[in-house]
Amino acid sequence: MSETSKPRILVIEDEPTIADAVAARLRSADFAVEIAADGPAGVAACAASTPDLVVLDLMLPGLDGLEVCRRIQADRPVPVLMLTARDTEDDLVEGLATGADDYLTKPFSGRELVARVRALLRRTRSAADAGAVDGLQLGPWRIDPVTRTVTAGDRESHLTPTEFDLLVHLARRPGQVFTREDLLAEVWGYRDGSGARTVDSHVRALRRKLGAETIRTVHGVGYAAARTVTGAAA
Ligand code: CA
């Protein structure tokens, strides 16, 4: 594979030993890798080189990882794998709600890192490939899988890649109830059933951005898109 056709990964990590190890592992898995050593450099590198995926350390000097995540996602949806040394659930949920699509708690193995990066890229691509379908409507929101935009009149709601994929998955079958395990398997590609809180935090983010009524909680079962859809199956 030529250098230009390799998926490009930006690693934003201030600890040189970790940054170098992560970069070496990803390069050996045939990714093109660029490193930024702090938050402002990371934001600048992301704007300049438009990577396919960002590996982002949560604890950074200058700007912390959550703020970096907000800034890089504000320009353009790019999948983010967050690295965290902290594993308290509050930090995790905050990180996911800010737009990280997945996370790894240090220390992690190189194999796990590569597997997560590949899974995240696969998800983003298969969602893009699914663009042949017609647009969907959910309440006031027009969902366009080709341009990956969600609009209501002149207003656009900026979703992260995972939020968009989750929304499309639910909106394609309005009213159908999906369990968290279904969603983890079908949207995230996880097979082990762990990570229910990941689903919850992404649903919370979608409700915050699109309105609480767009996604219904079915207590004890899971989630469903509101049935007031005009144009999906209608
Ligand atoms: Ca750090």
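Predicted model: local features only at pLDDT ≥ 70, side-chain atom pairs only at ≥ 80, totals over all residues.
Trainee: Which residues of α7 are buried?

Mentor: A residue is called buried when its relative accessible area is under 20%, exposed when that area is over 50%, and partly exposed in between, with a 1.4 Å probe and protein chains only. In α7 the buried residues are L183, L184, A185, V187 and W188. Residues are numbered from 1 along each chain as its sequence is written, and side-chain values use heavy atoms, with hydrogens and water left out.

Trainee: How many helices and strands has the protein chain?

Mentor: Helices (DSSP runs of H or I, at least four residues) and strands (runs of E, at least two) are numbered from the N terminus. By that count the protein chain has eight helices and 12 strands. Of its 234 residues, 50% count as buried. If we take contact to mean heavy atoms within 4.5 Å, then among the contacts between residues at least 6 apart in sequence, 59% join residues at least 24 apart.

Trainee: At what angle do the axes of α6 and α7 cross?

Mentor: An axis is a line fitted to C-alpha atoms, for helices over the stretch in contact, and angles run from 0 to 180 degrees between N-to-C directions. The axes of α6 (residues 161-171) and α7 (residues 180-188) cross at roughly 115° and come within 10 Å. This crossing is right-handed, a word used when the near helix is turned clockwise from the far one by less than a right angle, anticlockwise being left-handed. On the α6 side the contact is made by T162, D165, L166, H169 and L170, and on the α7 side by L183, E186, V187 and W188. Sorted by class, the contact comprises five nonpolar, two polar and two charged residues.

Trainee: What is the order of the strands in the open sheet of three?

Mentor: Strands of a sheet pair through backbone hydrogen bonds, either parallel or antiparallel, and here two strands count as a pair if DSSP finds at least two bridges between them. The order is β10-β12-β11, and the pairing is antiparallel. Because β10 (178-179) and β11 (215-218) each have a single partner strand, they stand at the edges, and one side of each is left without a neighbour in the sheet. Four bridges join β11 to β12 (residues 222-225), and V218 stands opposite G222 in β12. The helix α6 lies across β10, β11 and β12, and runs at about 75° to β12.

Trainee: Which strands form the open sheet of five, and is the pairing parallel or antiparallel?

Mentor: This sheet has the order β2-β1-β3-β4-β5, with parallel pairing. Its edge strands are β2 and β5, each of which pairs on one side only, and from one strand to the next the twist averages 20°. Between β3 and β4 (residues 80-84) there are four bridges, and D57 stands opposite L83 in β4. Lying across β1, β2 and β3 is α1, which runs at about 170° to β2.

Trainee: Which residues coordinate the calcium ion?

Mentor: Donors are N, O and S atoms within 2.8 Å of the metal, or 3.2 Å for Na, K and Ca, and sites may look incomplete because water is not among the atoms. The calcium ion is coordinated by D14 (OD), E15 (OE), D57 (OD) and M59 (O), at 2.1 to 3.0 Å. Along the sequence these donor residues follow the spacing D-E-x41-D-x1-M. D14 counts as partly exposed because its relative accessibility is 26%, and M59 counts as partly exposed at 44%.

Trainee: Where is D30 placed, and what is its phi?

Mentor: D30 is in the loop between α1 and β2 (32-36). Its phi is positive, about 75°, although D30 is not a glycine. With 31% relative accessibility, D30 counts as partly exposed. R148, also not a glycine, has a positive phi of about 55°, and R148 lies in the loop between β7 (141-144) and β8 (149-152).

Trainee: Which residues does the cis peptide bond join?

Mentor: The cis bond joins K106 and P107, with omega about -5°. P107 is found in the loop between β5 (102-105) and α5 (110-129).

Note on methods: Nonpolar A, V, L, I, M, F, W, Y, C, P; charged D, E, K, R; others polar.
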